[in-house]
Amino acid sequence: MIGFFWNPRGLNRPDKLNRTGDLIRDNHPDLISFSETKKEEFTALQLHILDSYDTYMWTWLPAIGSAGGILVGINSDMF
């Protein structure tokens with residue numbers, strides 16, 4: 001099992017989303033967790049950029065103001 005856990009310091013920049021999506025596609029982790037996303041919600045487009053093959057089931061806890069926020073994705077083929 002491969003898991004990614006990290007603090008991306010916000011996922012608001014398109015270039016950061018694209019690079020993170022590339023990392024996910026290149027390594028095929030089973031579990032992904034981003035802390036301190038600083039986002040209240042994620043759009044379908046943002047999740048598609050991270051997961052262009054729709055491999056993951058995503059859920060999140062929203063940030064409060066500019067603090068916090070967690071995004072978690074699990075590989076639906078694994079779990």
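In what order do the four strands form the open sheet?

## Basis of the model

This is a predicted model, in which local features need pLDDT of at least 70 and side-chain atom pairs count only at pLDDT 80 or more, while totals for chains, interfaces and linings use all residues. Residues are numbered from 1 along each chain as its sequence is written, and side-chain values use heavy atoms, with hydrogens and water left out.

## Sheet

The order is 1-2-4-3, with mixed pairing, where strands are DSSP runs (E, at least two residues) numbered from the N terminus and two of them pair if DSSP finds at least two bridges between them. Strand 1 (3-6) and strand 3 (56-61) are the edge strands, each pairing on one side only.

Strand 2 (residues 31-35) is joined to strand 4 in the antiparallel sense over five bridges, and Ser-33 has Val-72 of strand 4 as its bridge partner.

## Gly-73

Gly-73, a residue of strand 4, is buried because its relative accessible area is 0%, the cut-off for buried being under 20% (1.4 Å probe, protein chains only). Leaving aside residues up to four places away in sequence, Gly-73 touches Asp-30, Leu-31, Ile-32, Tyr-56, Met-57 and Trp-58, where contact means heavy atoms within 4.5 Å. Between the C-alpha atoms of Gly-73 and Lys-16, which are 57 residues apart along the chain, the separation is 17 Å.

## Phe-79

Phe-79 lies in the segment after strand 4 (70-75), and it counts as partly exposed because its relative accessibility is 48%, a class that spans the range between under 20% and over 50%.
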